[in-house]
Amino acid sequence: LFAHYAFSTSYAIGRRYWRFLLKLPLVGGLAKRVLLYEATTTTGVFLSLGAPLEKSVHLAAEVASNVYVRTLLRSLEITLHRGVNWFDAWKAMDITPPLHLHAFRNAVQTQNLPIAMLRVQRVLFSEINAATTVFIRALELTLLALAAGLALCVAFAGYAVLSTLPCTCSK
């Protein structure tokens with residue numbers, strides 16, 4: 001846990017760490033959703049308070065605790081500053097699942113971005129809860145299988161040692 005926190009806050013190591021983590025098969029999807037949840041939560045709060053879109057993204061990047069989220073939001077801010085719309089900027093980051101991109105597209109068309117951010121946050125929160133539950137169950141089963149394998153190894157080792165000892169029983 002300490003290493004995870006250190007890698008999440010250190011700029012030099014953090015970006016490489018998160019890129020690696022996002023590529024892992026079981027953890028990558030969950031990590032993407034957590035990063036997206038942090039980015040949409042902070043940006044959505046500033047949008048709901050009435051800050052303009054570019055300023056909201058800038059403030060969210062400033063307060064982001066995760067290096068990777070901070071980097072993503074800064075690149076999003078630069079892309080928005082160039083005149084690219086919100087949907088295309090999020091799509092270019094290649095971290096957002098298609099369902100959430102669809103919500104962002106609708107938000108851009110209806111000019112209702114703060115409400116769309118809240119909806120995406122709720123969906124992400126439920127997805128994160130479901131994914132962590134599945135991940136914890138898989139981890140429990142893996143640890144249980146390892147414990148059973150270790151117990152079998154100890155039992156066989158004990159049997160092997162006991163079977164080589166001479167019998168000292170008297171009749």
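How are α3 and α5 oriented to each other? They are oblique. The model is predicted.

**The α3–α5 packing**
- α3 and α5 pack at an angle of about 55 degrees.
- The crossing of α3 past α5 is right-handed.
- On the α3 side, the contact is made by Leu35, Glu38, Ala39, Thr42 and Thr43.
- On the α5 side, Tyr68, Val69 and Leu73 make the contact.

**The buried face of α4**
- Helix α4 spans residues 53-63, and its buried residues are Ser56, Val57, Ala60 and Ala61.
- Seen down the axis of α4, these buried residues fall within an arc of 135 degrees, so they line one face of the helix.
- Their cover includes α3 (28-48), α5 (67-81) and α6 (86-93).

**The aromatic pair**
- A search of the whole structure finds 1 aromatic pair.
- The rings belong to Tyr37 and Phe125, with centres 6.1 Å apart and planes at 40 degrees. The pair is therefore tilted; stacked would need planes under 30 degrees apart, and edge-to-face over 60.
- Tyr37 sits in helix α3 and Phe125 in helix α8 (residues 113-164). The pair therefore ties together parts that are 88 residues apart in sequence.
- Tyr37 has 26% relative accessibility and counts as partly exposed.
- Phe125, at 45% relative accessibility, also counts as partly exposed.

**Ala31 in α3**
- Ala31 is another residue of helix α3.
- Its relative accessibility is 6%, so Ala31 counts as buried; the cut-off is under 20%.
- Leaving aside residues up to four places away in sequence, Ala31 touches Trp18, Leu21 and Leu22.
- Ala31 and Ile128 are 97 residues apart in sequence, yet their C-alpha atoms are 8.9 Å apart in space.

How values were computed. Residues numbered from 1 in each chain as written. Predicted model: local features only at pLDDT ≥ 70, side-chain atom pairs only at ≥ 80, totals over all residues. Heavy atoms only, no water. Buried < 20%, exposed > 50% of the residue type's maximum accessible area, 1.4 Å probe, protein only. Helix = DSSP H or I, 4+ residues; strand = E, 2+ residues; numbered from the N terminus. Arc of directions from axis to C-beta. Contact = heavy atoms within 4.5 Å. Phe/Tyr/Trp six-rings, centres within 6.5 Å; stacked < 30°, edge-to-face > 60°. Axes fitted to C-alpha atoms, helices over the stretch in contact; angles between N-to-C directions. Parallel < 35°, antiparallel > 145°, perpendicular 65-115°, else oblique. Left-handed = near helix turned anticlockwise from the far one by under 90°.
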